[in-house]
Structures are given as C-alpha cells and as structure tokens.
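Please look over the sequence and the model shown here before reading on.

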Amino acid sequence: MTDNRKPPRQKILIVDDSEINRSILADMLGDEFEIIEASNGLEAVELINLYGRKLSLVLLDIIMPQMDGFEVLARMNERKWIQDIPVIIISSENTSQFIERAYELGATDYIQRPFDTNVVRRRSLNTIMLYGKQKELKGLIEDRVYRREHEQSLMINALSHILEFRNGESGNHITNVRKISEMLLNTLAKNNEKYKLPQSEISLIALASALHDVGKLAVDKDILNKPQKLTAKEQEAVRAHALRGAEIIKQLPYASDEPLIKHAYEICRWHHEHWDGSGYPDGLEGDKIPVSAQVVGLADAYDTLTNKRVYKEAVPHSKAVEMILNGECGVFNPDLIEAFKSVAGTLQTNLRLSSLEDL
Amino acid sequence: MTLENFYEVIGGDYTGTKSRLLTDERILRFVTKFPADESFKNLEKALADNNVQEAFRAAHTLKGVAGNLGFNALFEISQEVTEILRGGSLEVSAHMPKLKQLYNLTVENIANL
C-alpha cells in the first residue's frame with residue numbers, strides 16, 4: 001500500500017563532474033531528499049531552469065568541464081534564481097580569493113572537501129530551513145502589508161465620504177483627486193529630471209491630498225451648499241478654507257515633523273495658488289508653490305469641472321481638458337500641463353478602475 | 001583483505017575516512033566505485049594531447065575523489081600535479097610515474113576487498 005499523505009520530498013541538485021563525489025553526497029544527505037544530479041555547469045543550468053523554485057538547494061562544485069561553478073552562479077544571478085534557490089559551494093579549492101568570489105556571486109555557504117557526513121548534512125539542512133523560513137516570513141509580511149493598505153484605504157475613503165457629504169461634493173471627489181495627483185506625479189517624475197520624486201514620496205503626497213479641503217469644515221455649510229452666485233463676502237468665506245485647513249493641520253498635537261503632515265499642510269494652504277501669482281491665499285508664484293500643492297490644485301480643478309455641484313453642472317471630460325489647457329481655470333506650471341496632457345487620454349478609464357478597486 | 005589493511009597498503013587514512021563517512025559499509029561502497037572513475041584516464045589522455053586545461057580539470061577531479069575517499073598518498077601526488085597544470089605548464093613528467101604507480105596499486109588492491 002502506498003502512503004499518499006507524505007509530503008513530496010524536497011529536491012536537491014548536486015552538481016559535480018565526478019560520479020563518485022555525487023553519490024557520496026547523495027548518500028550523506030539520505031533518503032529524505034529527492035536528489036537530482038548534473039555532471040557539469042551546462043546541465044546544472046538546464047535543470048535549474050526546469051525545476052526553478054522547486055529546488056530547495058544546489059550543492060555546487062566549481063572546477064568542472066563545459067561550464068564551471070562560477071559561471072553557473074553568474075547565470076543564476078542573471079536570471080535572479082539566486083534570490084530563491086540557495087547554493088552551497090563544495091570544493092577542494094581553499095584560497096580566500098576563491099571563496100570570496102563564490103560568496104560575492106551569491107553562494108550561501110562553502111563546504112570544503114573532503115566531505116564530512118555530518119557537516120554536509122547539517123549545513124544543507126540549516127540552509128534549507130533558513131530559506132524556507134525566509135520564504136514563509138516574506139509571504140506573511142506581504143499579506144500583512146496588503147491588508148494594512150487595504151484597511152487604510154477603506155478608512156480614508158470613509159472619512160473622505162463624510163467630508164464630501166458635509167461639503168456638498170459629489171461621489172468620489174477625494175479619491176479622484178488622490179488618483180489624478182498620483183498619475184500626474186508619476187508622469188512628472190518619469191519625464192522630468194526636476195521632479196525626480198521617489199515612489200514613496202509620490203504615495204505620501206497622494207495620501208495627503210485626501211486632506212486638501214479639510215478647511216471647509218470651518219466654512220458655513222449654507223454657503224458651501226448655496227446654489228446661487230456667492231456674494232463677495234461669501235466668496236471670501238469659502239476661500240478662507242485654504243488657510244483654515246492649514247491651521248487645522250498645523251494644530252495637530254502630534255507628528256508635526258512627519259513628511260505626510262508637512263505635505264498635507266502645503267496642500268491645504270496652497271492648492272488654490274496659481275503659477276502666475278494670481279491665486280490665494282498668499283499669491284505665491286512659480287516654483288515657490290510646492291509641487292504637491294500644484295499637482296493637487298490641477299487634480300482638484302479637473303475633478304470639480306467634470307462633476308456636478310449645487311451651483312453648477314458637470315462639464316464633459318474633453319471640454320474640461322480643453323478649459324484647463326486654455327488657462328480658463330488659472331495658470332498652471334507648464335511642466336505640469338505637459339504631464340496633464342500625457343495622462344488626459346487614460347484619465348477617465350483609470351478613475352473608473354480605481355473606483356471599482358475600492359469597492 | 002580488510003578495509004584497514006587496504007588503507008595501510010595504499011598509504012591512505014582509514015581513521016579519518018571513517019570519521020567522515022561514518023560506516024564501513026559506506027566506505028566500501030564508494031571505494032569499490034573508484035576503478036570506474038575516469039579522471040585518471042582523462043588525465044593521461046589530456047597530457048598525451050597536450051591539452052593543459054583538460055589535464056588540469058582531470059587532475060583536479062582525481063584529487064577531489066582521492067581526498068573524499070581518504071586515499072592520502074594519491075591525493076597528495078595529484079595535488080602536486082594539479083598545481084603545476086593550473087599554472088599552465090605541462091611539465092608533470094617528474095610526477096606522473098609515481099602517480100600512475102599509486103593509482104594502479106590502489107585499483108589492484110580494491111579488487112581484493
């Protein structure tokens with residue numbers, strides 16, 4: 001009767017040009033492993049290609065005909081196999097240069113001939129165990145990070161929705177602004193040396209953009225939801241949301257040094273500034289406006305145009321793009337306008353996709 | 001012939017080999033494979049062809065196998081040959097007769113095990 005419950009045995013590839021050496025190693029490792037053998041580097045590379053991550057370990061000789069062990073390591077680096085498959089070098093070469101080179105090429109361990117049963121067994125088992133643990137941990141961390149991000153995103157969406165409800169904004173304004181900002185920043189970073197932001201910084205600015213209108217909490221709800229044209233005084237009250245938002249962020253009793261909070265402050269305060277200095281509240285111009293605020297300003301303008309408000313109808317995508325490019329929504333940084341032009345084509349699809357993702 | 005006698009005759013190290021390979025059964029299994037190993041034949045052929053790289057690899061393999069099996073005398077002489085060949089020189093004629101003699105002695109005595 002066969003026993004089907006046994007897990008499949010782990011595979012070890014033994015690469016050595018001598019049959020005796022291979023069989024000594026195989027014998028030392030014992031029955032608990034499935035042994036695969038190669039008698040030179042070329043065969044080894046073919047077998048690694050065939051089995052891939054199913055190999056738990058490679059025991060590798062260096063001096064061999066056809067292709068030597070260093071070359072095998074080099075190929076494993078080229079194809080990134082070395083990250084997932086541990087290699088123990090087994091060689092009678094013992095100069096430090098030789099050993100150093102093997103380690104530099106990514107070998108995990110080095111066992112010197114003549115073989116000692118216990119040394120070969122222990123080191124092989126330890127290496128397999130460590131790599132197995134590492135793989136397991138990596139999986140765990142990836143799951144956690146994913147769950148964290150998902151929950152964070154849900155929380156932001158919920159809070160955003162509350163804010164939108166209060167401010168009389170439609171549907172997905174905050175998530176849209178976040179997505180558009182992210183697209184613009186990615187494009188800027190890719191196409192323009194001047195805005196070479198690391199990915200982490202881009203995510204941070206996109207995240208902080210969710211707070212851009214937080215200052216509207218300090219603005220009278222009736223003014224925000226008034227369908228008719230605003231009086232000069234009312235307009236002033238609405239415009240105050242930029243400074244009020246910045247104050248709210250600044251008064252956070254903790255974390256004022258955090259980059260996220262710094263970005264949120266810039267965005268709240270300056271997302272209505274214009275490149276030519278005609279915006280509010282400070283009339284900043286050009287590069288004095290932080291890039292985070294510039295990007296969110298444009299994203300905000302586009303999304304407000306394309307959605308209905310109590311005081312205005314929605315404008316179609318193509319018309320909104322045209323208005324922004326024509327300067328009808330204020331003057332933007334020409335580099336930013338270039339970036340906007342290149343994302344405009346895929347903007348609608350991406351916004352639809354991201355709203356589905358968040359469901 | 002016992003394994004201990006065998007190692008004594010061929011200038012090997014029985015105690016060391018036993019401590020690494022652990023059982024007589026295992027030592028015997030691999031020692032009796034030695035005559036089928038082709039590295040000595042390959043070494044002679046490569047030397048006849050003046051192919052120093054092939055000769056180096058064959059000598060290196062012979063050295064490795066001899067080391068693993070605890071054939072110390074054979075290991076040492078093949079190590080000397082390996083190092084000369086590694087430097088790119090084919091001048092191993094001073095060592096080859098002794099290497100051949102030790103190799104033959106080893107193979108002949110394996111037949112008596």
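Lys80(A) is found in the loop between α3 and β4 of chain A; helices (H or I, at least four residues) and strands (E, at least two) are DSSP runs, numbered from the N terminus. Although Lys80(A) is not a glycine, its phi is positive, about 65°. Lys80(A) counts as exposed, with 9 C-beta neighbours inside 10 Å. Here a residue is buried if 20 or more other C-beta atoms lie within 10 Å of its own, exposed if 12 or fewer, and partly exposed in between, with C-beta atoms placed from the backbone.

The model is predicted, so local features need pLDDT of at least 70 and side-chain atom pairs count only at pLDDT 80 or more, while totals for chains, interfaces and linings use all residues. Residues are numbered from 1 along each chain as its sequence is written, and chains are lettered from A and ligands numbered from 1 in the order in which they are written.

## Backbone features

Most residues other than glycine have a negative phi, and most peptide bonds are trans. The table lists backbone positions that depart from this pattern.

| Site | Feature | Location |
|---|---|---|
| Lys80(A) | positive phi, about 65° | loop between α3 and β4 of chain A |
| Arg113(A) and Pro114(A) | cis peptide bond, omega about -5° | Pro114(A) in the loop between β5 (109–112) and α5 (117–167) of chain A |
| Tyr280(A) and Pro281(A) | cis peptide bond, omega about 5° | Pro281(A) in the loop between α11 (259–270) and α12 (291–305) of chain A |

## Chain A and its strands

Chain A has 14 helices and five strands. Of its 359 residues, 35% count as buried. Among the contacts in chain A with a separation of 6 or more, 65% are between residues 24 or more positions apart; two residues are in contact if their C-beta atoms, placed from the backbone, lie within 7 Å.

Strand β3 (residues 55–60) of chain A is largely enclosed by the rest of the structure, because six of its six residues are buried. Strand β1 (residues 10–15) of chain A pairs with β3(A) in the parallel sense over five bridges, where pairing requires that DSSP finds at least two bridges between two strands. Within this pairing, Leu13(A) has Val58(A) in β3(A) as its bridge partner. β3(A) also pairs in the parallel sense with strand β4 (residues 87–91) of chain A, over three bridges, and Leu60(A) stands opposite Ile89(A) in β4(A). From β3(A) the chain crosses through helix α3 (residues 69–78) of chain A to β4(A), and this β-α-β crossover is right-handed. That term applies if, with the strands pointing away from the viewer, the path from the first strand over the helix to the second runs clockwise.

In another part of chain A, Gly345(A) lies in helix α14 (residues 334–357). Gly345(A) is exposed, with 10 other C-beta atoms within 10 Å. Its C-alpha atom is separated by 9.8 Å from that of His317(A), 28 residues apart along the chain.

## Nonpolar cores

Which residues touch the most other members of the largest nonpolar core? In this core of 62 residues, they are Leu13(A), Val15(A), Val58(A), Leu59(A), Leu60(A) and Val87(A). α5(B) gives the most to this core, with eight residues. A nonpolar core is a set of buried Ala, Val, Leu, Ile, Met, Phe, Trp, Tyr and Cys residues joined through C-beta atoms within 7 Å. Not counting residues up to four places away in sequence, Val87(A) touches several residues, including Val58(A), Leu60(A), Leu73(A), Met76(A) and Ile82(A). A second, separate core of 41 residues includes Ile174(A), Ile180(A), Met183(A) and Ala339(A).

Helix α5 (residues 52–69) of chain B has 18 residues and reaches 26 Å from its first C-alpha to its last, close to the 26 Å expected at 1.5 Å a residue; the expected span is 1.5 Å times one less than the number of residues. Because 15 of its 18 residues are buried, α5(B) is largely enclosed by the rest of the structure. Gly70(B), with a positive phi near 75°, follows α5(B).

The contact between the chains takes 16 residues from chain A and 18 residues from chain B. Helix α1 (residues 19–29) of chain A supplies the largest share of the chain A side, six residues.
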